[in-house]
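Hi,

Here is the structure I said I would pass on.

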Amino acid sequence: MRILLTGAAGFVGSHLADRLVADGHIVVGVDNLSTGRLSNLAQLARSASFELVEADASEPLAIGGPLDWVMHFASPASPIQYAKDPIGTLRANAEGTRHLLELARDRGAAFFLASTSEVYGDPLEHPQSESYWGNVNPIGPRSMYNEGKRYAETMTTAFHAMLSAPVRISRIFNTYGARMERDDGRVVSNFIVQALSDRPMTIYGDGSQTRSFQYVDDLVEGVVRMMAADFSSPVNLGNPVEHSMLELARMVSTLVGSQSGIEYQPLPTEDPTRRRPDISLARELLGWEPMVQLEQGLRRTIDAFRSEGEWPTHA
């Protein structure tokens, strides 16, 4: 198939591009490189099955030729990134989704929306199933991302309802792995960089708040299986195993061999205290669940970070 993939130079997008090319598809990657990196695509630079178009997915794209899929993975995805450019984040998810749905319609292609667990906000239901509507502040500090994705889901659903357009919507929970930015503000990369640098590991609040972490390869497998499933409603893709921030910090410190202590900071406004996916639908529909255990995935991620820079030598 010939697949248009926005956000191709990003953390998740580049891993998905690798998988699609490895599976024999032709990928037209689109990225404006605002948060993506060309180095994430170095392994595809000589592939005849991959082409990178430097463009902003918020604007209509001039992409020629037939398309089988339009996959929208372009958006800042960490609080630091989307707080720097709230309007750009909203545009990527609102205008970008509409333009890409229209492109998919005009080419007779299927459309895939990368949504997020952030649509659940600070959830009052635990774990979160796809039927939960969420607890989101529409003008809060995370709203440009939360509401942008919620709007994108609504737009995608409307296209499907009115035009019978084939669509997929994945709600992606916390994902980690190689190619994460050092300074993107996400907890796994924060802890790894601080541990490798022998700096105190920052925990917000008392460390009892929890998240569930899936390794990027597991996410990509779920996305590929969703492409093959005839299902237009949202599907959670995440790891149902829950870990506290304090537990994660101690695990990273042990795996790095660091003597980093812990520095406690106030909990940011509206930072969710618990988030864990109910993946019953993904298990039933896709036969999918995460396979990479947290310690195994963290080892791979730490090795990737180590290979990208100079760090103090640990015992």
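Aspartate 271 sits in the loop between strand S13 (262-265) and helix H9 (280-286); helices (H or I, at least four residues) and strands (E, at least two) are DSSP runs, numbered from the N terminus. Aspartate 271 is buried, with a relative accessible area of 15%. For that word, buried means under 20% relative accessible area, exposed over 50%, and partly exposed in between (1.4 Å probe, protein chains only). Leaving aside neighbours within four places in sequence, aspartate 271 is in contact with Asp122, Arg142 and Arg211, where contact means heavy atoms within 4.5 Å. Its C-alpha atom and that of serine 170, 101 residues apart along the chain, are separated by 22 Å.

Before you go further: this is a predicted model, so local features need pLDDT of at least 70 and side-chain atom pairs count only at pLDDT 80 or more, while totals for chains, interfaces and linings use all residues. Residues are numbered from 1 along each chain as its sequence is written, and side-chain values use heavy atoms, with hydrogens and water left out.

Now the inside. A nonpolar core here is a set of buried Ala, Val, Leu, Ile, Met, Phe, Trp, Tyr and Cys residues joined through side-chain atoms within 4.5 Å. The largest one has 62 residues, and Met71, Phe73, Leu237, Leu248, Val252 and Leu298 touch the most other members. Helix H8 (residues 245-256) gives the largest share of this core, 8 residues. A second, separate core of 22 residues includes Val70, Ala109, Phe159 and Ile169.

Beyond its neighbours within four places in sequence, valine 252 is in contact with Phe191, Ile192, Ala195, Met201, Leu298 and Ile302.

Which helix is largely enclosed by the rest of the structure? That is helix H6 (residues 187-196), because 9 of its 10 residues are buried. Phe191, Ile192 and Ala195 are among those buried residues. The cover over them includes strand S7 (175-176), strand S8 (201-204), H8 and helix H10 (294-307). Just after H6, aspartate 198 takes a positive phi of about 55°.

Strand S4 (residues 69-72) is covered on both faces: Trp69 and Met71 are buried on one side, Val70 and His72 on the other. S4 pairs in the parallel sense with strand S1 (residues 2-6) over 4 bridges, and with strand S5 (residues 110-116), also parallel, over 4 bridges. Two strands pair if DSSP finds at least two bridges between them. Threonine 6 stands opposite histidine 72, and valine 70 has phenylalanine 111 in S5 as its bridge partner.

Most residues other than glycine have a negative phi, and most peptide bonds are trans.

- A cis peptide bond joins histidine 126 and proline 127, with omega about -10°; proline 127 is in the loop between S5 and H5.
- Serine 164 has a positive phi, near 55°, and lies in the loop between H5 and strand S6 (167-172). At 60% relative accessibility, serine 164 counts as exposed.
- Arginine 179 has a positive phi of about 85° and is found in the loop between S7 and H6. Arginine 179 is buried, with a relative accessible area of 17%.

Over to you!
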